[in-house]
Amino acid sequence: MTFLYPLVLVAAVVLTGAAIYGYVTLQRRRSAALSAAGFGTLAGGGVRRHLPYALLLAALPVMLIGLARPQAEVSVPRVSGTVLLAFDISNSMTAEDVSPSRISAAQTAAAGFVEEQPDTVDVGVLVFGDQALLTQAPTADHAAAVAAIERVKASGGTSLGQAILVGLGTITGKPVALPEEGGAAPDLGYWPSATIVVFSDGEETGGPDVEAAAELAAAAGVRIQTVGVGTAQGGTVEVDGFQLGTALDESLLTAIAQVTGGTYHEAGDASTLADTTKSIDLRLTTEKEPLELTAPFAAAALLLLTLGGFLSTRWHGRIV
């Protein structure tokens with residue numbers, strides 16, 4: 001327990017001590033006076049004589065402690081942390097097997113997802129093709145995150161592994177790379193309130209080993225949720241004048257999510273994808289918050305005063 005005005009506690013000790021001293025002195029004088037007058041049997045008194053005044057005296061320190069503004073820290077559950085939205089911007093994301101296109105459907109769903117998040121969730125945006133780039137650092141300004149989503153454009157290949165590594169670097173605040181063969185994995189700390197949400201068709205074309213990158217994320221407590229954008233039937237895209245077939249690879253996206261304890265989410269079109277992102281599991285964490293205890297102390301003091309006054313009136317016909 002902490003106090004906003006700790007000096008009031010000093011006053012509470014001094015005033016309470018003075019009140020008790022005054023009461024004891026008064027009772028001694030009263031007892032001496034009664035004994036001198038020949039009423040020694042009335043000098044002592046018992047519970048009925050002292051209990052009401054004890055309750056009144058007890059109310060004084062309780063009330064003064066309340067004036068010191070006591071506070072206690074309580075654990076409050078809330079959805080919080082950091083969410084990084086990772087967008088696959090490879091050429092295959094221009095396929096139209098999801099209307100109007102894979103990348104447009106992903107943008108629509110992701111923007112809706114961001115708008116539904118509480119202020120306690122910081123949202124960042126990164127895009128990845130052959131390389132990955134953070135386009136919006138995690139922020140509580142969700143409008144800025146939505147603007148970054150709207151700027152996403154498709155081009156190049158796909159490196160899911162690079163996306164995960166850049167995402168981990170953003171979360172931990174330092175560059176992250178896979179260890180050399182046989183080398184020890186880097187110590188990234190533990191970040192259980194961070195989540196990476198990957199929007200991709202899962203067609204990996206190169207880059208760092210994606211499952212090894214996912215294992216790094218798992219060791220750091222970072223969960224990866226994957227959202228498959230596209231269909232198993234697939235579609236075609238034009239690259240450098242060539243027509244190329246492309247289809248959703250659910251197996252890779254599922255494996256990435258499972259390594260980190262996340263979930264793969266299916267989606268078939270823009271409306272389904274938007275509904276799918278609502279089921280993405282964010283972290284429920286606890287946060288310490290100060291709880292003002294002035295009111296309970298004031299209530300306790302009032303109760304003691306009321307009870308002491310009632311007993312004094314009932315037993316002695318007066319309050320003091």
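**Close-up 1. Ser 159 in the loop between helix 4 and helix 5 (160–172) of the predicted model.** Ser 159 has a relative accessibility of 1% and therefore counts as buried, the cut-off for that class being under 20%. Its side chain reaches the backbone nitrogen of Gln 162 at 3.2 Å. A polar atom of the Ser 159 side chain also lies 3.2 Å from the backbone oxygen of Gly 206. When neighbours within four places in sequence are left aside, the residues in contact with Ser 159 are Phe 128, Gly 129, Asp 130, Glu 204, Gly 206, Gly 207 and Pro 208.

**Close-up 2. The buried and exposed residues of helix 4 (residues 142–150).** His 142, Ala 145, Val 146, Ala 148 and Ile 149 are buried. Seen down the axis of helix 4, these buried residues fall within an arc of 160°, so they line one face of the helix. The face turned away from the buried side carries Ala 143 and Glu 150, which are exposed.

**Close-up 3. Packing partners of helix 4.**

**Close-up 4. Leu 134 in strand 5.** Leu 134 has a relative accessible area of 31% and is partly exposed. Gly 124 is ten residues from Leu 134 in sequence, and the C-alpha to C-alpha distance between them is 7.9 Å. Leaving aside neighbours within four places in sequence, Leu 134 contacts Leu 84, Val 125, Leu 126 and Thr 170.

Note on methods
Residues numbered from 1 in each chain as written. Predicted model: local features only at pLDDT ≥ 70, side-chain atom pairs only at ≥ 80, totals over all residues. Heavy atoms only, no water. Buried < 20%, exposed > 50% of the residue type's maximum accessible area, 1.4 Å probe, protein only. Helix = DSSP H or I, 4+ residues; strand = E, 2+ residues; numbered from the N terminus. Arc of directions from axis to C-beta. Contact = heavy atoms within 4.5 Å. Polar contact = N/O pair within 3.5 Å; in protein donor to acceptor, adjacent residues only side chain to side chain.
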